[in-house]
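Q: Please walk me through this structure. I would like to learn how to read its features.

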Amino acid sequence: MKIPILFVVMALTLYSMEAGAHGLLTDVRLQAPSVVIRTQFSEAQPVIDATVTVFAPASTEVVWQSARTDRTGSFAFLPDAAGEWIFIVDDQKGHAKKLTITVPADFISTAELPTGNAANKPDEMVSRRERVYQTITGLALIFGITAIFYGVRSRQTALVKPDQK
Amino acid sequence: MHISDGIISTPVCIAANVAAIGIIYLSGRNAKPDEIPKMGMTGAALFVSSLIHFPLAGTSIHLGLFGLAGIILGKRSFPVIFTALLFQSLIFQHGGLLTLGVNAINMGAGAFVATMIWSIAKLPVYLRALLAGLAGIIIPALMMVTEFRLSGYGTGIGLLLAIYLLAAIIEAAITLSAVKFFLRVKPEIVKGLEEEEISKDQIA
């Protein structure tokens with residue numbers, strides 16, 4: 001009974017090695033004087049023409065700027081004040097992400113700063129090999145939980161049955 | 001279809017997580033040992049299926065198999081969907097952790113409707129499988145669209161629904177194929193078939 005299902009799962013696993021996980025990933029870089037946001041789906045397809053809505057630190061209610069990502073899935077912005085800027089990336093097709101980016105005070109006044117900072121940690125762009133390892137890990141966890149759950153329930157059932165007799 | 005953190009307001013997410021835990025308890029309690037391997041295998045299939053994506057109309061859609069989960073597991077599908085989504089979120093960053101409850105309820109609703117459709121004995125088996133496969137995607141998509149709309153996102157809702165309708169058609173075809181396969185090799189694997197009389201014509 002389980003062999004056909006196992007076959008289907010294995011086939012899907014093998015297929016997934018060629019596929020990639022899907023989701024909206026962002027990579028934020030502070031490259032003075034601009035903030036650069038690069039977007040892509042997990043399978044490395046750029047999120048083209050997604051709307052990017054920017055809110056300034058002083059006012060999170062009023063839209064500061066509206067724009068769209070370019071054909072490489074990128075968007076660049078020039079902040080004019082330090083603080084927490086909010087960026088909402090939305091592909092209008094069910095994938096959206098809210099980013100809070102801290103712009104340091106010296107970023108506005110200096111021409112050069114190291115790219116990225118701790119507060120704006122980019123999403124991991126994983127390789128296919130890593131994705132395979134992740135998939136195997138996830139499957140191992142699911143099967144492990146299933147085995148534990150099965151063992152516990154079988155034990156409980158075995159303990160209950162003699163009492164009923 | 002997996003909503004990321006930061007889209008839905010935190011109080012709503014917390015409420016959804018509490019509700020999801022309650023539903024897990026109600027739908028998962030008293031599971032028989034015989035059901036558990038089936039739950040595990042379906043959970044593994046759900047976990048992997050989200051990696052199979054199709055680039056479509058400038059976006060990326062993926063399989064869900066929620067309709068098939070509803071057919072195979074019935075009410076037991078919710079804890080399985082929750083677990084699969086938890087690991088997708090933790091391992092692939094696919095969907096948020098805070099929005100786990102919202103996502104689980106969205107997709108669990110698809111599986112629930114699929115179970116309801118599958119239980120309509122008057123309809124032919126294959127039609128039920130097709131409709132269940134469609135509902136498994138359409139219902140979560142409708143719920144997600146509503147949530148996006150209420151949160152002020154996703155102005156292109158018509159396009160989004162059109163895309164998910166295509167995804168639902170693909171999913172319905174896969175669900176039908178899977179059900180046909182199960183009917184041929186092991187009919188009792190799909191929930192509720194033990195009680196029904198399926199003619200040889202339907203199975204063949």
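A: Start with surface. Accessible areas come from the Shrake-Rupley method with a 1.4 Å probe, and for residues only the protein chains shown count as cover. The accessible surface of chain B is about 8,200 Å², and carbon and sulfur atoms hold 70% of that area. This is a predicted model: local features need pLDDT of at least 70, side-chain atom pairs count only at pLDDT 80 or more, and totals for chains, interfaces and linings use all residues. Residues are numbered from 1 along each chain as its sequence is written, chains are lettered from A and ligands numbered from 1 in the order written, and side-chain values use heavy atoms, with hydrogens and water left out.

Q: How many helices and strands does chain B have?

A: Helices (H or I, at least four residues) and strands (E, at least two) are DSSP runs, numbered from the N terminus. Chain B has 8 helices and 2 strands. From the N terminus, the order is α-α-β-β-α-α-α-α-α-α.

Q: What share of chain B counts as buried?

A: Buried means under 20% relative accessible area, with a 1.4 Å probe and protein chains only. In chain B, 57% of the 204 residues count as buried. Take helix 3 of chain B: 8 of its 8 residues are buried. Among them are F66(B), L68(B) and I72(B). The cover includes helix 2, helix 4, helix 5, helix 6 and helix 7 of chain B. Just after helix 3, G74(B) takes a positive phi of about 65°.

Q: Which residues touch the most other members of the largest nonpolar core?

A: A nonpolar core is a set of buried Ala, Val, Leu, Ile, Met, Phe, Trp, Tyr and Cys residues joined through side-chain atoms within 4.5 Å. The largest has 62 residues, and M1(B), L46(B), F47(B), Y164(B), V179(B) and V190(B) touch the most other members. Helix 7 of chain B gives the most to this core, with 11 residues. A second, separate core of 21 residues includes F41(A), V89(A), V103(A) and F107(A).

Q: What is L46(B) in contact with?

A: Contact means heavy atoms within 4.5 Å. Leaving aside neighbours within four places in sequence, the partners of L46(B) include G64(B), F66(B), V80(B) and A84(B). For chain B as a whole, take contacts between residues at least 6 apart in sequence: 74% join residues at least 24 apart.

Q: Where is empty space left?

A: Rolling a probe the size of a water molecule over the atoms shows where empty space is left. On a 1 Å grid over the protein atoms alone, a cavity is a set of points where a 1.4 Å probe fits but cannot get out; a pocket is an open set with protein on both sides within 12 Å along at least five of seven lines; lining residues have an atom within 4 Å of a point. Grid points join across faces, edges and corners, and a volume is the space filled by probe spheres set on the points. The count is 1 cavity of 30 Å³ or more. The largest cavity has a volume of about 50 Å³. Its lining includes H2(B), L46(B), F66(B) and Q88(B). Helix 4 of chain B gives the most to that lining, with 4 residues.

Q: Which residues are closest to the centre of the largest pocket?

A: The largest pocket holds about 470 Å³ of space. Of its 23 lining residues, I145(A), F149(A), M39(B), P79(B) and T83(B) are closest to the centre. Helix 4 of chain B gives the most to this lining too, with 7 residues.

How values were computed: Buried means under 20% relative accessible area, exposed over 50%, partly exposed in between (1.4 Å probe, protein chains only).
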